[in-house]
Amino acid sequence: MSALVDEPALRALAYEMGAGLAAGAVIWLTGDLGAGKTTFVQSLVRGIGVETPATSPTYALVHHYDGPGGPVYHVDCYRLSRPEDAHDLDWDSLTEGAALLIEWPERAGVWAPQPTHSVLLSHTSDPDLRRVEIA
(Lines give C-alpha, C1' and ligand atoms only; values in the text may rest on other atoms or scores of the structure.)
Protein backbone atom coordinates (compact mmCIF):
# COMPACT_ATOMS: atom_id res chain seq x y z
CA MET A 1 0.00 0.00 0.00
CA SER A 2 1.31 3.42 -0.91
CA ALA A 3 -0.40 6.76 -0.31
CA LEU A 4 0.14 10.49 0.04
CA VAL A 5 -1.23 11.61 3.40
CA ASP A 6 -1.45 14.66 5.60
CA GLU A 7 -0.81 14.32 9.34
CA PRO A 8 -4.41 13.52 10.37
CA ALA A 9 -4.61 10.82 7.68
CA LEU A 10 -1.20 9.45 8.73
CA ARG A 11 -2.39 9.23 12.33
CA ALA A 12 -5.64 7.52 11.29
CA LEU A 13 -3.76 4.99 9.16
CA ALA A 14 -1.37 4.19 12.01
CA TYR A 15 -4.22 3.91 14.52
CA GLU A 16 -6.04 1.47 12.25
CA MET A 17 -2.88 -0.59 11.80
CA GLY A 18 -2.37 -0.71 15.56
CA ALA A 19 -5.95 -1.81 16.19
CA GLY A 20 -5.35 -4.91 14.07
CA LEU A 21 -1.82 -5.67 15.25
CA ALA A 22 -1.13 -9.01 16.91
CA ALA A 23 1.41 -9.76 19.62
CA GLY A 24 4.63 -10.92 18.00
CA ALA A 25 4.47 -8.28 15.26
CA VAL A 26 7.76 -6.60 14.38
CA ILE A 27 7.36 -3.31 12.55
CA TRP A 28 10.28 -1.56 10.90
CA LEU A 29 9.84 2.19 10.48
CA THR A 30 12.23 3.82 8.05
CA GLY A 31 12.54 7.26 6.49
CA ASP A 32 14.42 10.50 6.74
CA LEU A 33 14.55 12.64 9.87
CA GLY A 34 11.26 14.40 10.40
CA ALA A 35 9.34 12.18 7.98
CA GLY A 36 6.84 11.12 10.67
CA LYS A 37 8.11 7.85 12.15
CA THR A 38 7.46 8.84 15.76
CA THR A 39 4.11 10.42 14.84
CA PHE A 40 3.16 7.10 13.22
CA VAL A 41 4.26 5.16 16.31
CA GLN A 42 2.27 7.45 18.64
CA SER A 43 -0.98 6.68 16.83
CA LEU A 44 -0.15 3.02 16.25
CA VAL A 45 0.42 2.54 19.99
CA ARG A 46 -2.93 4.23 20.74
CA GLY A 47 -4.58 1.89 18.22
CA ILE A 48 -3.09 -1.08 20.07
CA GLY A 49 -4.85 0.23 23.19
CA VAL A 50 -1.95 1.69 25.13
CA GLU A 51 -3.14 4.52 27.38
CA THR A 52 0.28 6.09 28.00
CA PRO A 53 1.30 8.60 25.31
CA ALA A 54 4.25 7.29 23.29
CA THR A 55 7.37 9.43 23.14
CA SER A 56 10.58 9.10 21.17
CA PRO A 57 13.11 6.75 22.79
CA THR A 58 16.02 8.37 20.94
CA TYR A 59 18.14 8.76 24.07
CA ALA A 60 16.80 5.81 26.07
CA LEU A 61 16.82 3.51 23.00
CA VAL A 62 13.81 1.49 24.26
CA HIS A 63 10.45 2.49 25.70
CA HIS A 64 8.09 -0.09 27.14
CA TYR A 65 4.30 0.26 27.15
CA ASP A 66 1.69 -2.06 28.62
CA GLY A 67 -0.94 -2.91 26.05
CA PRO A 68 -4.15 -4.86 26.63
CA GLY A 69 -2.77 -7.75 24.54
CA GLY A 70 0.73 -7.69 26.02
CA PRO A 71 3.80 -5.48 26.09
CA VAL A 72 4.71 -3.03 23.35
CA TYR A 73 8.35 -2.03 22.85
CA HIS A 74 9.41 1.01 20.85
CA VAL A 75 13.08 0.98 19.89
CA ASP A 76 14.88 3.88 18.22
CA CYS A 77 18.24 2.84 16.76
CA TYR A 78 19.13 6.31 15.45
CA ARG A 79 21.85 6.92 18.04
CA LEU A 80 23.62 3.60 17.55
CA SER A 81 27.16 4.36 16.40
CA ARG A 82 27.56 0.98 14.72
CA PRO A 83 25.38 -2.10 14.28
CA GLU A 84 27.35 -4.04 16.90
CA ASP A 85 25.97 -1.68 19.55
CA ALA A 86 22.54 -3.26 18.94
CA HIS A 87 23.88 -6.57 20.25
CA ASP A 88 23.42 -5.28 23.81
CA LEU A 89 19.67 -4.85 23.34
CA ASP A 90 17.93 -7.98 24.57
CA TRP A 91 16.08 -8.62 21.29
CA ASP A 92 14.72 -11.99 22.45
CA SER A 93 12.88 -10.46 25.39
CA LEU A 94 11.68 -7.57 23.20
CA THR A 95 9.98 -9.98 20.80
CA GLU A 96 8.61 -12.56 23.21
CA GLY A 97 4.83 -12.08 23.20
CA ALA A 98 5.23 -8.38 22.45
CA ALA A 99 4.66 -5.96 19.62
CA LEU A 100 8.02 -4.49 18.63
CA LEU A 101 8.29 -1.17 16.79
CA ILE A 102 11.77 -0.30 15.50
CA GLU A 103 12.75 3.10 14.13
CA TRP A 104 15.97 3.19 12.07
CA PRO A 105 16.27 -0.64 12.01
CA GLU A 106 19.01 -0.47 9.38
CA ARG A 107 21.32 0.94 12.05
CA ALA A 108 20.95 -2.27 14.06
CA GLY A 109 22.20 -4.37 11.16
CA VAL A 110 21.76 -8.12 11.55
CA TRP A 111 20.68 -7.72 15.17
CA ALA A 112 17.25 -6.29 14.32
CA PRO A 113 14.60 -9.01 14.11
CA GLN A 114 13.05 -9.43 10.67
CA PRO A 115 9.86 -7.41 10.20
CA THR A 116 6.34 -8.70 9.86
CA HIS A 117 5.46 -5.22 8.55
CA SER A 118 7.55 -2.40 7.06
CA VAL A 119 6.59 1.26 7.04
CA LEU A 120 8.52 3.71 4.87
CA LEU A 121 7.78 7.40 5.34
CA SER A 122 9.13 10.06 2.98
CA HIS A 123 8.95 13.79 2.53
CA THR A 124 7.23 15.17 -0.55
CA SER A 125 7.45 18.50 -2.35
CA ASP A 126 4.40 19.57 -0.29
CA PRO A 127 5.56 20.09 3.32
CA ASP A 128 2.09 19.10 4.59
CA LEU A 129 2.13 15.69 2.90
CA ARG A 130 4.08 12.50 3.43
CA ARG A 131 4.33 9.41 1.29
CA VAL A 132 3.69 6.29 3.33
CA GLU A 133 4.40 2.80 2.04
CA ILE A 134 3.33 -0.19 4.09
CA ALA A 135 4.34 -3.75 3.28
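Leucine 89 is buried (under 20% relative accessible area, with exposed meaning over 50% and partly exposed in between, for a 1.4 Å probe and protein chains only), its relative accessible area being 13%. The model is predicted, so local features need pLDDT of at least 70 and side-chain atom pairs count only at pLDDT 80 or more, while totals for chains, interfaces and linings use all residues. Residues are numbered from 1 along each chain as its sequence is written, and side-chain values use heavy atoms, with hydrogens and water left out.

Leucine 89 is found in the loop between S4 and H3; helices (H or I, at least four residues) and strands (E, at least two) are DSSP runs numbered from the N terminus. Between the C-alpha atoms of leucine 89 and valine 132 there are 28 Å, the two residues being 43 apart along the chain.

One aromatic pair is present in the structure. Rings of Phe, Tyr and Trp (its six-membered ring) pair if their centres lie within 6.5 Å, and planes under 30 degrees apart count as stacked, over 60 as edge-to-face and the rest as tilted. The ring centres of tyrosine 78 and tryptophan 104 are 4.9 Å apart and the planes stand at 55°, so the pair is tilted. Distant parts of the chain are linked by this pair, whose members are 26 residues apart. Tyrosine 78 belongs to the loop between strand S4 (70-76) and helix H3 (91-95), and tryptophan 104 to the loop between strand S5 (99-103) and strand S6 (117-123). Tyrosine 78 counts as partly exposed at 24% relative accessibility, whereas tryptophan 104, at 11%, counts as buried.

Tryptophan 104 has two further features. Its phi is positive, at about 55°, although the residue is not a glycine. Arginine 107 lies over the face of the tryptophan 104 ring, at 5.0 Å from the ring centre; a charge sits over a ring if NZ of Lys or CZ of Arg is within 6 Å of the ring centre and within 35 degrees of the ring normal. Arginine 107 and leucine 121 are 14 residues apart along the chain, and their C-alpha atoms are separated by 16 Å. Leucine 121 is found in strand S6 and is buried, with a relative accessible area of 1%.

Tryptophan 104 also belongs to the lining of the largest pocket, where Leu33, Lys37, Thr38, Glu103 and Trp104 lie nearest the centre among 14 lining residues. On a 1 Å grid over the protein atoms alone, a pocket is an open set of points with protein on both sides within 12 Å along at least five of seven lines, the points being those where a 1.4 Å probe fits, and lining residues have an atom within 4 Å of a point. The space in the largest pocket is about 170 Å³, a volume being the space filled by probe spheres set on the points. The lining divides into four nonpolar residues, six polar and four charged. Here Ala, Val, Leu, Ile, Met, Phe, Trp, Tyr, Cys and Pro count as nonpolar, Asp, Glu, Lys and Arg as charged, and the others, Gly among them, as polar.

Helix H2 (residues 37-48) supplies the largest share of this lining, three residues. The 12 residues of H2 should span 16 Å at 1.5 Å a residue, which agrees with the 16 Å between its end C-alpha atoms; the expected span is 1.5 Å times one less than the number of residues. Nine of the 12 residues of H2 are buried, so the helix is largely enclosed by the rest of the structure. Among the buried residues of H2 are Lys37, Phe40, Leu44 and Ile48. Valine 41, also in helix H2, is buried with a relative accessible area of 1%. Valine 41 is 39 residues from serine 2 in sequence and 18 Å from it in space, C-alpha to C-alpha.

Leucine 61 is found in the loop between H2 and strand S3 (62-67). The phi of leucine 61 is positive, at about 75°, although the residue is not a glycine, and its relative accessible area of 21% makes it partly exposed. In strand S3, histidine 64 is partly exposed, with a relative accessible area of 41%. Histidine 64 and alanine 19 are 45 residues apart in sequence and 18 Å apart in space, C-alpha to C-alpha.
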